[in-house]
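Trainee: I'd like to learn how to read a fold. Could you walk me through one?

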Amino acid sequence: MTDTIDDVTFDQMRQLVGLVDYDETKDPFPVKAMDAVVFVAGNATQTAWFYQHAFGMTLVAYSGPETGMRDHKSFVLKAGSARFVINGGVAPDSPLHDHHRKHGDGVVDLALEVADVDQCIAHARAQGATVLEEPHDVADEFGTVRMAAIAAYGETRHTLIDRSRYSGPYLPGYVEKAGRPRKRLFQAVDHCVGNVELGKMDYWVEFYNRVMGFVNMAEFVGDDIATDYSALMSKVVSNGNHRVKFPLNEPAIAKRKSQIDEYLEFYDGAGCQHIALATNDIIGTVTAMREAGVEFLDTPDSYYDDPALRARIGEVRVPIEELKRHRILVDRDEDGYLLQIFTAPIGDRPTVFYELIERHGSLGFGKGNFKALFEAIEREQERRGNL
Ligand code: FE2
């Protein structure tokens, strides 16, 4: 693990998030990478502090009243290639307060870096997407950014950004803000999961296929991820090289309220459920985050003591006793294995949470762990009185 916030090399990225080769020239909507995960928070000032101190992110840019933006404060944080932007309302009539009143802390924008904003918007529009912002240039002394935005599930949007002609710290209007460099705890965003309403999963899978040229990855349906009480359906779409991966969940009918139902109720609609952060040292990352006070979902001893698990996963980098001590989950598929762990919700509402993932060849999402994970989530739901 390095102490820098330098961007991650392509080879590192291949290992971290599981890239595949593909022909970009045949892609109607070529996406280079995640540009940023943009949040609205009730208190952006303190939320930015949280991501620096608990998630090892480095503050790199800022916009707010001091830089001429009266409406809101905006903090930009980085860890490797991952960029988070935290926005909070300043002016009493800021629309961000209305968004926060409805949804609480959450993700408003999964911004994507693209080479040709106009090409992507033309394709998206022809395929029936709602264009929220037409392609336009924004410029300052560091150059020009071309941007546009389309609507996704709920009130989530995808801003499309071509920053090839821009050298500033984030976007025009932001000033460099050199926060104290932190020990980097993760290197990239691996995937961002959307929770959508009952019966809407296939609609959004088809949206990403048709409008954004995304391809279908692993598919989990029904029994794969049902516990006695809870059930959900999940499908995964990704851009051509798998650098941007969006699993989509919908609730399934079950005996009691599923975790997706709980999210939809408390977020008041569809939205981003969890963000998976790729690390090359999950033990070090979990240890540092726990020391900083981040809470992780517990996994019962029975998960580790099950002979079937030991038979299924075979040899992994870390002894199983150490995984057990840190409550880290492990899964293996035909391509390799992965280590993963999930935080408790990070805000007041039982909505957004994080996953840490360390991939060793596996391109999956921990299908073998879904049952154990959901049982852990249900124990938390029960404690909240929402099961
Ligand atoms: Fe995940």
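This is a predicted model: local features need pLDDT of at least 70, side-chain atom pairs count only at pLDDT 80 or more; totals for chains, interfaces and linings use all residues.

Trainee: In which sense do β6 and β7 pair?

Mentor: Two strands pair if DSSP finds at least two bridges between them. Strands (E, at least two residues) and helices (H or I, at least four) are DSSP runs, numbered from the N terminus. Here β6 and β7 (residues 143–151) are antiparallel, with 7 bridges.

Trainee: What is the strand order of the open sheet?

Mentor: Its 9 strands go β6-β7-β8-β5-β1-β4-β3-β2-β9, with mixed pairing.

Trainee: Which helix lies across β4, and at what angle?

Mentor: Axes are lines fitted to C-alpha atoms, for helices over the stretch in contact, and angles run from 0 to 180 degrees between N-to-C directions. Contact means heavy atoms within 4.5 Å. Helix α3 (residues 95–103) runs at about 100° to β4 (82–89), and also lies across β1, β3 and β5. Helix α4 (residues 117–126) packs on the sheet too, touching β5, β6, β7 and β8, with its direction at about 15° to that of β7.

Trainee: Which residues touch the most other members of the largest nonpolar core?

Mentor: In soluble globular proteins, nonpolar side chains tend to be buried together. A nonpolar core is a set of buried Ala, Val, Leu, Ile, Met, Phe, Trp, Tyr and Cys residues joined through side-chain atoms within 4.5 Å; buried means under 20% relative accessible area (1.4 Å probe, protein chains only). The largest one has 92 residues, and V37, F55, F84, Y153, Y208, F246 and I275 touch the most other members. Helix α5 (residues 201–212) gives the largest share, 7 residues. Among the contacts of F246, leaving aside neighbours within four places in sequence, are M34, L110 and Y208.

Trainee: Why is β17 described as largely enclosed?

Mentor: Because 7 of the 8 residues of β17 (residues 353–360) are buried, the rest of the structure largely encloses that strand. β14 (residues 271–278) runs parallel to β17, joined by 5 bridges, and I275 stands opposite Y354. β16 (residues 336–342) pairs with β17 in the antiparallel sense, also over 5 bridges, and there I341 stands opposite L356.

Methods: Residues are numbered from 1 along each chain as its sequence is written. Side-chain values use heavy atoms; hydrogens and water are left out. Buried means under 20% relative accessible area, exposed over 50%, partly exposed in between (1.4 Å probe, protein chains only).
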